[in-house]
Amino acid sequence: MRLMISGGGTGGHIYPALALIEELRRVDPDSEVLYVGSTRGLEKDIVPKHNIDFEELEIQGFKRSLSLYNVKTVALFMKSLHKAKKLIKQFKPDIVIGTGGYVSGAVVYAAAQMKIPTMIHEQNSVVGLTNRFLSKHVDKIAVGFEDAISQFPADKTVYTGNPRAQQVANLKSDFSWTKYGLKDDVPTLLIFGGSQGALKINRVTAESIHLFNRKDYQVVFVTGPKRYDDVMEQLKGQTINDNVAILDYIADMPNVLPKVDAIVGRAGATSLAEITALGIPSVLIPSPYVTADHQTKNALSLVKNDAAVIITEDDLTEKTLVENADFIMNDRDKRLKMAENARNMGCRDAATRLLDLAKSICH
Ligand SMILES: CC(=O)N[C@H]1[C@@H](OP(=O)(O)OP(=O)(O)OC[C@H]2O[C@@H](n3ccc(=O)[nH]c3=O)[C@H](O)[C@@H]2O)O[C@H](CO)[C@@H](O)[C@@H]1O
């Protein structure tokens, strides 16, 4: 198969694409892949490290009310569409797949106009702006949450789950916490605010370090690549005990996650696919800054099944953070029950399902 794939901006759109590519290469080692990303997103750093050909487009999203900015947005979209068509002519894909983010809008739309088979993957329980636009033009729509099906045309929409779930579920981890100066025989709580880190989660976690220092469990606090210096500035002069590690980013998350006992984090769809694939209890703090509050809806699907607890960003304080962390970390039975509930929701064959759907529309 010759696969052109595009997903950009944040990890939540990029990692599902990488998981699908990994599955394609496993079943079809002769396949050719071209990843088209944006000049600004995390993909230009992440994708080339996975031995995948990468091309980039300059593109940006619309903003409410900034009219001059939006004039530039339209101009960049037209330019990207033109470049995407050129790339399609050169690469000659059998299929073009979009996994979200503005850049996938230009790439998949270009392919649809050129009558190449197209498919999108919507990770969230509420459809995003780019996928809403693309849904009218593509041949197939795959969704990661069953709740999303009703938001798309019924005749071409299929529940596949999120391919990242299969990738993390199948990996035999050889990770050791000693890499970060921690121990392997102590329960471990991972705190992170999605692929980019989250300001409030970082601030409140930093304020709580003096309490986490005294816990019987260990805490791994991941700030996000661009927020590490600010957190360390906030913590200047404070003691950080040897049961706490503060990192900017974890590049090998599938290897690390099987060694995590509980998570405090955002409710991005790809994170939740991982959490349910592996069965990890979580405290979820949905981002209030995303389209149609979709992270709250994502999170509630786990909360309903007693696989997670939720704190709104407004309610996040030193007290609520540490109390909820203790609630899971200090009660092993509770933790194991929540883990089982989470695991029951996992879709561990999602990459196979998504690839089968892709094959079904290739000529
Ligand atoms: C602010 C924003 O727009 N967030 C959206 C974005 O979130 P975001 O990019 O944060 O996506 P998710 O939380 O879904 O996924 C994060 C991904 O990054 C990985 N990771 C994270 C931290 C780290 O140090 N290393 C690492 O590899 C996680 O393992 C996971 O695979 O895309 C998601 C999927 O469409 C949406 O649900 C989110 O609402």
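Two residues are taken to be in contact if their C-beta atoms, placed from the backbone, lie within 7 Å. The structure is a predicted model, in which local features need pLDDT of at least 70, side-chain atom pairs count only at pLDDT 80 or more, and totals for chains, interfaces and linings use all residues. Residues are numbered from 1 along each chain as its sequence is written.

By this contact criterion, and not counting residues up to four places away in sequence, Leu355 touches Leu20, Glu23, Leu24 and Val27. Leu355 belongs to helix H14 (residues 350-361); helices (H or I, at least four residues) and strands (E, at least two) are DSSP runs, numbered from the N terminus. The C-alpha atoms of Leu355 and Leu24 are separated by 7.0 Å, although the two residues are 331 apart along the chain. With 23 other C-beta atoms within 10 Å, Leu355 is buried (20 or more such atoms around its own C-beta atom; exposed, 12 or fewer; partly exposed, in between; C-beta atoms placed from the backbone).

The protein is divided into domain 1 (2-162 + 348-361) and domain 2 (170-344), with bounds that come from an automatic or database domain assignment. Their C-alpha centres lie 28 Å apart. Domain 1 gives 18 residues to the contact and domain 2 gives 14 residues. On the side of domain 1 that touches domain 2, helix H1 (residues 11-27) supplies the largest share, four residues.

The largest nonpolar core holds 104 residues, of which Ala106, Val107, Ile191 and Ile280 touch the most other members. Both domain 1 and domain 2 give residues to this core, so it lies between them. A nonpolar core is a set of buried Ala, Val, Leu, Ile, Met, Phe, Trp, Tyr and Cys residues joined through C-beta atoms within 7 Å. Leaving aside neighbours within four places in sequence, Ile191 is in contact with Ile201, Thr205, Val219, Phe221, Val222, Val264 and Gly265.

An open sheet is formed by six strands in the order E10-E9-E8-E11-E12-E13, with parallel pairing; two strands pair if DSSP finds at least two bridges between them. Strand E10 (244-247) and strand E13 (308-310) are the edge strands, each pairing on one side only. Within the sheet, strand E11 (residues 262-265) and strand E12 (residues 282-284) pair in the parallel sense over three bridges, and Ile263 stands opposite Ser282 in E12.
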